[in-house]
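Hello,

The structure we discussed is below, with its sequence. Notes on confidence and aromatic contacts follow.

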Amino acid sequence: MFSNILIYFVVIPLVMLGLLAICRDVKQIRAVAVTGSSALIGLSIWVLCEYLRLRAGGNTDEMLFMGSWSWFTPLNINLAVGVDGISIAMLLLSSIIVFAGSFASWKIEMPKEFFLWLILLSTGVFGFFISIDMFTMFMFYEVALIPMYLLIGVWGSGNKEYSAMKLTLMLMGGSAFLMLGLIGIYYHSAPEGQPLTWNLLEIAQNDSISKGWQYFLFPMTFVGFGVLGAMFPFHTWSPDGHASAPTAVSMLHAGVLMKLGGYGCFRVAMYLMPTAANDLAWIFLILTGISVVYGAFSACVQTDLKYINAYSSVSHCGLVLFAILMINTTAMTGAIMQMLSHGLMTALFFALIGMIYGRTHTRDIRLMGGLMKIMPFLAVCYVIAGMASLGLPGLSGFVAEMTIFVGSFEHADFFHRAFTIVACCSIVITAVYILRVVGKLLFGPVYDEHHLTLTDATWWERLSTVTLIVCVAAIGCFPNFFANLIRFTFDPAFFRALGM
């Protein structure tokens with residue numbers, strides 16, 4: 001079983017859990033967290049290099065590094081793994097944010113218990129991205145969601161019990177829709193007389209889900225995953241959850257966990273039910289278009305730094321689902337790049353907000369000012385994150401959003417182009433709230449004289465933020481590398497399934 005390299009994305013976090021359980025002091029806990037997260041980054045890079053080598057050698061299989069081990073034979077449930085360019089991009093994103101989050105949580109209270117739950121959450125995330133069996137994917141999906149309740153309820157701030165309960169109930173509600181949808185897909189996964197399967201590739205190859213059943217199951221699976229992607233009107237858990245979560249949890253939740261929603265919508269709902277995806281996409285385009293603009297407008301009127309970034313995440317994640325529903329190569333490539341871009345820059349935002357809050361003990365922008373003079377390193381990092389969010393050329397936000405809008409405008413009909421123009425307006429709105437926050441928070445006179453005694457970033461905070469900034473700049477400066485990694489997935493697999 002351990003001969004398949006992908007299994008180690010689950011094995012390494014499980015080993016980390018075992019080591020954390022026997023750790024006796026903070027130094028050992030930190031060592032396990034940093035060593036394990038570093039190993040995950042190294043493994044992600046190795047898988048990427050091998051993937052590129054195999055593709056360059058002419059391997060055109062839809063998934064590489066595939067393996068399958070039987071779990072429950074009567075229902076044909078298997079631990080089936082495999083990756084393509086999109087999966088590898090998500091694995092890289094996850095490992096980078098886990099690494100940065102480990103340093104952002106350097107001084108967390110009850111570190112042993114905190115990292116145990118955080119690594120369990122990470123286990124679910126990595127397992128989800130390598131799974132090609134729907135049952136196993138759903139299991140890892142739930143493993144990633146369950147720790148959120150305790151991480152927010154115990155280590156959070158503000159109205160943390162309410163936020164943890166709201167998040168858990170809404171995501172579990174989405175999971176109920178998703179479970180019903182997946183069971184429905186399973187019972188229509190093969191022609192009559194052939195064994196049923198949970199394997200995504202086998203279901204797509206069988207093409208046995210009738211048009212009527214696709215119309216019924218597609219909304220259930222898309223909404224089920226869309227709740228986690230903060231799709232309007234199921235987004236309300238996101239701002240409260242992010243605002244109350246501790247720094248590393250906000251980083252991992254907004255940076256990675258919300259990406260499970262967009263990834264699942266693409267990998268399950270649209271790939272397995274292409275007819276319904278084509279015919280019903282307009283309904284969800286309306287909802288995601290509202291998410292994009294509503295989230296941006298809501299961020300404009302917030303005064304809490306975390307709420308500003310949380311509503312910004314609603315807007316940016318809405319843009320991911322919006323682009324996926326355009327169903328063309330350019331827009332969907334932009335959607336995956338937006339998942340990478342938003343994951344990195346929102347993790348950077350939440351890391352910086354946590355560092356600023358740890359010093360000023362407030363997240364209210366009305367009670368802060370002139371921080372550029374006091375903590376210049378953190379202030380400059382915040383400006384860079386803001387510029388990436390509003391789409392400054394040279395950073396990841398620009399290439400991702402431009403790819404989405406260009407791809408979306410390829411549709412010649414009025415409906416698609418009108419909604420593309422509406423989504424484009426979010427760029428201007430984003431610039432408004434980003435520049436407003438930067439101006440109020442960092443420049444002008446110092447609001448509180450006590451803030452003059454505050455210190456700038458420590459070495460572990462600098463390492464966390466610089467790691468994320470380098471990745472944001474890498475996507476912005478070398479977009480073709482990431483676009484080509486992603487684009488190959490759509491050409492042979494997804495669009496062949498759609499008959500396009």
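pLDDT is the predictor's confidence in each residue, from 0 to 100. Helices are DSSP runs of H or I with at least four residues, numbered from the N terminus. This is a predicted model, so local features need pLDDT of at least 70 and side-chain atom pairs count only at pLDDT 80 or more, while totals for chains, interfaces and linings use all residues. Residues are numbered from 1 along each chain as its sequence is written, and side-chain values use heavy atoms, with hydrogens and water left out.

The protein chain has an average pLDDT of 87, and 97% of the residues score at least 70. Confidence is lowest in helix 20 (residues 479–498), with a mean of 69, and highest in helix 1 (residues 8–22), at 92.

The whole structure holds 27 aromatic pairs (rings of Phe, Tyr and Trp, the last by its six-membered ring, with centres within 6.5 Å; planes under 30 degrees apart are stacked, over 60 edge-to-face, the rest tilted). Phe129 and Tyr263 are edge-to-face, because their ring centres are 5.0 Å apart and their planes at 85°. Phe129 lies in helix 4 (residues 111–130) and Tyr263 in helix 11 (residues 259–272), so this pair ties together parts 134 residues apart in sequence. Both Phe129 and Tyr263 are buried (under 20% relative accessible area; exposed is over 50%, partly exposed in between, with a 1.4 Å probe and protein chains only). Ring pairs link Phe129 and Tyr263 with Phe128, Phe138, Tyr141 and Phe225 into a cluster.

Regards

Notes:
Helix = DSSP H or I, 4+ residues; strand = E, 2+ residues; numbered from the N terminus.
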